[in-house]
Amino acid sequence: MREIIEAALNLASRSFTAELGTLSETGSPQVKALIKTKQDGLNTFWFCSNTSSRRAAMLARDGRACLYFFDPKTFEGLMLEGRAEVTRDPALLHGFWQDGMERYYPAGPDDPDYCVIVFRAEKGNYYRGMKNTDFAVE
Amino acid sequence: MQQDERAESMLALVGRTNLIYLGTVFEGAPRIKVVTKNIHEGLRTFRFVTLTHRQRTLDIRRDGRACLYFADNERFETLRLDGVAAITRDPAILQAMWSEGMRGFFKEGADDPEYSAIEFRTSGGNFYKWPYIGNFELVGDEVVWKDWVKHA
């Protein structure tokens, strides 16, 4: 199992983007690619986003979410299931701020449309080839 | 960008994308898997090979709400199709999707009991083509735009 979790962590760590799954107002699934800003193991992932986005509204209503990582070269996939929330914690907004982001958030790190999505994993499913393994994220 | 150009761009994105993200729902929570495109009819119907007893097949049997997500990160284009997925073992569909290369997975060929298809039918979606984004409904084969605006 340790090898599986290490392979899963390796896949998530080398991925530039992740697909975030959320639920619409009718409970239907929605998928969107996000650029990964930061991660802590397989436990927690952070993404910069827009407060006014549909994604933020969906998460405010229903925090159930999943993240998906896939490498087409090795045919490895990882799905993490858990919860996501939107935060405007100034320490995170300022900590993640980079030059060039004013293109999206003209008022800088305190721009009201700038927010951070925090995803916390509870369990994972890693597959490579035809082999699937479920594991808990602790 | 004119109406037909948008629809053409969506079809072109579908045409050049082989790995597609499939969103499903399990016990009220979202799930994502990658599927490989096999057959599609415009934006209306998509079919994918699956295994009869694979988890995503069982998930779809329980709750058919689904979406497909196509992403071309180099051209800044993404397409999400919303709709309903179903599992079928219709022999005509399975036969049409069959290729001999699949025998590694399905030893008994197109009649193998483990061979099933996911059939996805689109009701609408969201298309992003930098710098624009819009939502649409699919009425018959016609794309009816609800909005199309410049995205920040």
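**View 1. The hairpin of strands β1(B) and β2(B).** Two residues lie between β1(B) and β2(B) in this hairpin, and Glu27(B) in the turn has a positive phi of about 50 degrees. Strands are DSSP runs (E, at least two residues) numbered from the N terminus. The model is predicted: local features need pLDDT of at least 70, and side-chain atom pairs count only at pLDDT 80 or more. Residues are numbered from 1 along each chain as its sequence is written, and chains are lettered from A in the order in which they are written.

View 2. Strand β1 (residues 19-26) of chain B runs antiparallel to β2(B), and eight bridges join them; two strands pair if DSSP finds at least two bridges between them. Ile20(B) stands opposite Val35(B). In β2(B) (residues 29-36), seven of the eight residues are buried, that is, under 20% relative accessible area with a 1.4 Å probe, protein chains only.

**View 3. The contact of chain A with chain B.** Chain A contributes 30 residues and chain B 24 residues, where contact means heavy atoms within 4.5 Å. About 2300 Å² is buried between the chains, 60% of it on carbon and sulfur atoms; this is the accessible area (1.4 Å probe) lost on being put together, summed over both parts. In chain A, Pro29(A), Val31(A) and Met130(A) lose the most area to chain B, together 26% of what that side buries.

**View 4. The salt bridge across the interface.** The rule finds one salt bridge between chain A and chain B, defined as a side-chain nitrogen of Lys or Arg within 4 Å of a carboxyl oxygen of Asp or Glu. Glu81(A) forms a salt bridge with Arg31(B), with the closest N and O atoms 3.2 Å apart.

Definitions and conventions. Heavy atoms only, no water. Buried < 20%, exposed > 50% of the residue type's maximum accessible area, 1.4 Å probe, protein only. Helix = DSSP H or I, 4+ residues; strand = E, 2+ residues; numbered from the N terminus. Buried area = accessible area lost by both parts, 1.4 Å probe.
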